[in-house]
Amino acid sequence: IFSGTSLFCSSTQNMAQDVDVPSSTFVQHSVDVQHSVDLHIDRARRSLDKCIKIIEGIGSLASPAKDKYAFYRSIGSPKYVLAPMVRVSYLPFRLLCRRYGVQLAYTPMIPALPFAEKPDLREAVLMDASEDRPLIVQFGTDNAEHFVTAAGHVAAVPGRAVAVDLNLGCPARTAGAARYGACLLQCPDELQTLVKRVCRGCALPVTAKIRVLTDIGKTVELARMLEECGIVMIAVHGRTPDQLPPNHGLADWEAIRVVKQAVGIPVLANGNILCFRDVQRCLEVTGVDGVMVGEALMFDPRLFSNPEFPLVHGTLFRLDGPCLRLAITLALEFLQLCERFSISKDVVRRCIHGIAWQACHRDDRLRDYLR
């Protein structure tokens, strides 16, 4: 329009030279026309601005911003979380930890395909108790169909679990050989496709547990990708996939802090916890929503209750007196829970060996029996 008015003004001046009419008359006329056009343009712009505002308003009503903390609030905004641990995080141990402050628990990591195919495995994993809420069932797989099928079996038991979790953090060689866990972090494009299909296909919300990468920028990209694909909560282990036990070094809380600041969904921190004081420090340093604890809870299920006499791994501290008696008392409490539920002897031995570590450390007969 603007170029058109300029051309018109130029042409009127030429016309003034070709005909016997005062040039000033043509010039004045062209100025009047340009002024009229400018007024129309200004009105059109104002009308367009109004339309845009109306459309934006309608859009905000039709598609309100997603509340990324809705899931987290729906399960009570838990701060104290029991991690998924193989041969440990079954129902009796979860119930014991819940008695002492755990607010959210995960099952052990379960391979998705066997879970989908074996009713007896599903029965063992989904064994129920009214106190075992809220619960997240964790699966390991690189196959979206297997994950969705397994999640469907969980959803078929009303109220049993609040979500299903995709294991992206297990660094074990067996996990790598089976193509699940932390090895999937090496193929971001394939992982993105997997997560999209999983989130779209599951009736339950989907969470994920990851490890940090050596490059913190790539860790942030990973976390944001998971969020964009539909993951509702991320648990971040502050060690890389290459940091394997027993000499795995310290978890990087700073990396967890950066991830927390980079995403809009709830984040749980995992790593470097030995006692309740560490939990408090982790919350302060990382700014996360909750702290997930694994091995330290195996040695002291009371950890989140801030016990006066904490039970710490026997290889670090050799505590005598009341602590040894407490360990035996907790082990007996766990065994009483095992009597209520059918659980494998392998799981019982594993848990007792952790809870009563100090007693096992002192008594060769008990240690040998548990082995």
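The largest pocket holds about 1,400 Å³ of space. This is a predicted model, with local features taken at pLDDT of at least 70 and side-chain atom pairs counted only at pLDDT 80 or more, while totals for chains, interfaces and linings use all residues. Residues are numbered from 1 along each chain as its sequence is written, and side-chain values use heavy atoms, with hydrogens and water left out.

A pocket here is an open set of points on a 1 Å grid over the protein atoms alone, where a 1.4 Å probe fits and protein lies on both sides within 12 Å along at least five of seven lines; lining residues have an atom within 4 Å of a point. Points are joined across faces, edges and corners, and the volume is the space filled by probe spheres set on them. The lining of the largest pocket runs to 44 residues, with Arg 211, His 237, Pro 245, His 248 and Glu 295 nearest its centre. Two or more lining residues come from each of α8 (173–177), β6 (206–211), β9 (290–293) and α13 (295–299) (DSSP runs numbered from the N terminus, helices being H or I of at least four residues and strands E of at least two). Top contributor to this lining is α13, with 4 residues.

As for packing, the largest nonpolar core takes in 91 residues, and Phe 93, Phe 139 and Leu 226 touch the most other members. Such a core is a set of buried Ala, Val, Leu, Ile, Met, Phe, Trp, Tyr and Cys residues joined through side-chain atoms within 4.5 Å, where buried means under 20% relative accessible area, exposed over 50% and partly exposed in between (1.4 Å probe, protein chains only). Helix α14 (residues 322–340) gives this core its largest share, 7 residues. A separate core of 14 residues has Phe 71, Val 81, Leu 268 and Met 292 among its members.

Arg 133 and Pro 134 are joined by a cis peptide bond, with omega about -10°, and Pro 134 sits in the loop between α6 and β4 (135–140). Asn 272 has a positive phi near 75° and is partly exposed at 22% relative accessible area. Asn 306, in the loop between α13 and α14, also has a positive phi, about 55°.
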